[in-house]
Amino acid sequence: MLQAFVADPRCAVCERPVSHVELVAPGGKPTDWQQWSPQQRDAFDAARQRHGDQQWWLLFSGIEAGNGYGRPVDLAEATRIAAAFTEPYRYAGVRTAGFYDDAGFCGPCDAPYCHHHWNVSSTGYGTCPHGHGKSLDPLWPDDL
């Protein structure tokens, strides 16, 4: 049975958080709700109400970008994301979630790296500590 969850993969080099993936159950609140400002709570609640509060909700922040106060996901997508972030986190699994930056994972290394260790350029293209590169920004093409 699908359950709400939080995944915060850690950098293989320094243990800093690489990305934040949170699946919020229908009608639920994010896990760190109590730390949110009243303005953040209002924005989140307004977004949920616009899309119907009885849906699964995805909060994502990656290496270069995220989805702000989140977006609705249907049951099939929520199930796919939950399966992708089953520990231990592996690139092959995480990739199936469909995030533009693979949640900070390098495929050839099968490891996650933080913004610093991706060595991200001003165009959003990153190179991992082993020289593998890819776009980490959803607005830039992968071949720059």
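Helices here are DSSP runs of H or I with at least four residues, strands are DSSP runs of E with at least two, and both are numbered from the N terminus. By that reading, the chain of this predicted model holds 4 helices and 8 strands. Starting at the N terminus, these elements follow one another as β-β-α-β-β-α-α-β-β-α-β-β.

**Overall dimensions**
- The radius of gyration of the chain is 15 Å, close to the 15 Å that the globule rule gives for 144 residues, so the chain is as compact as a globular protein of that length.
- Taken along the principal axes, the C-alpha atoms fill a box of roughly 45 × 35 × 25 Å.

**The open sheet**
- An open sheet is formed by 4 strands in the order β1-β2-β3-β4, with antiparallel pairing.
- At the edges stand β1 (5-7) and β4 (71-73), each of which pairs on one side only, and from one strand to the next the twist averages 25°.
- Strand β3 (residues 56-61) is joined to β4 by 3 bridges, the two strands running antiparallel, and W57 stands opposite P72 in β4.

**Helices against the sheet**
- Helix α1 (residues 38-51) lies across β2 (20-24), β3 and β4, and runs at about 135° to β3.
- Helix α2 (residues 75-84) also packs on the sheet, where it touches β1, β2, β3 and β4, while its direction makes about 95° with that of β4.

**Burial, contacts and surface**
- Of the 144 residues in the chain, 39% are buried.
- Among contacts in the chain with a separation of 6 or more, 44% are between residues 24 or more positions apart.
- The chain exposes about 7,700 Å², of which carbon and sulfur atoms supply 51%.

Terms used:
Residues are numbered from 1 along each chain as its sequence is written. This is a predicted model: local features need pLDDT of at least 70, side-chain atom pairs count only at pLDDT 80 or more; totals for chains, interfaces and linings use all residues. Side-chain values use heavy atoms; hydrogens and water are left out. Two strands pair if DSSP finds at least two bridges between them. Axes are lines fitted to C-alpha atoms, for helices over the stretch in contact, and angles run from 0 to 180 degrees between N-to-C directions. Contact means heavy atoms within 4.5 Å. The radius of gyration is taken over C-alpha atoms; the globule rule is 2.2 Å times the number of residues to the power 0.38. Buried means under 20% relative accessible area, exposed over 50%, partly exposed in between (1.4 Å probe, protein chains only). Accessible areas come from the Shrake-Rupley method with a 1.4 Å probe; for residues, only the protein chains shown count as cover.
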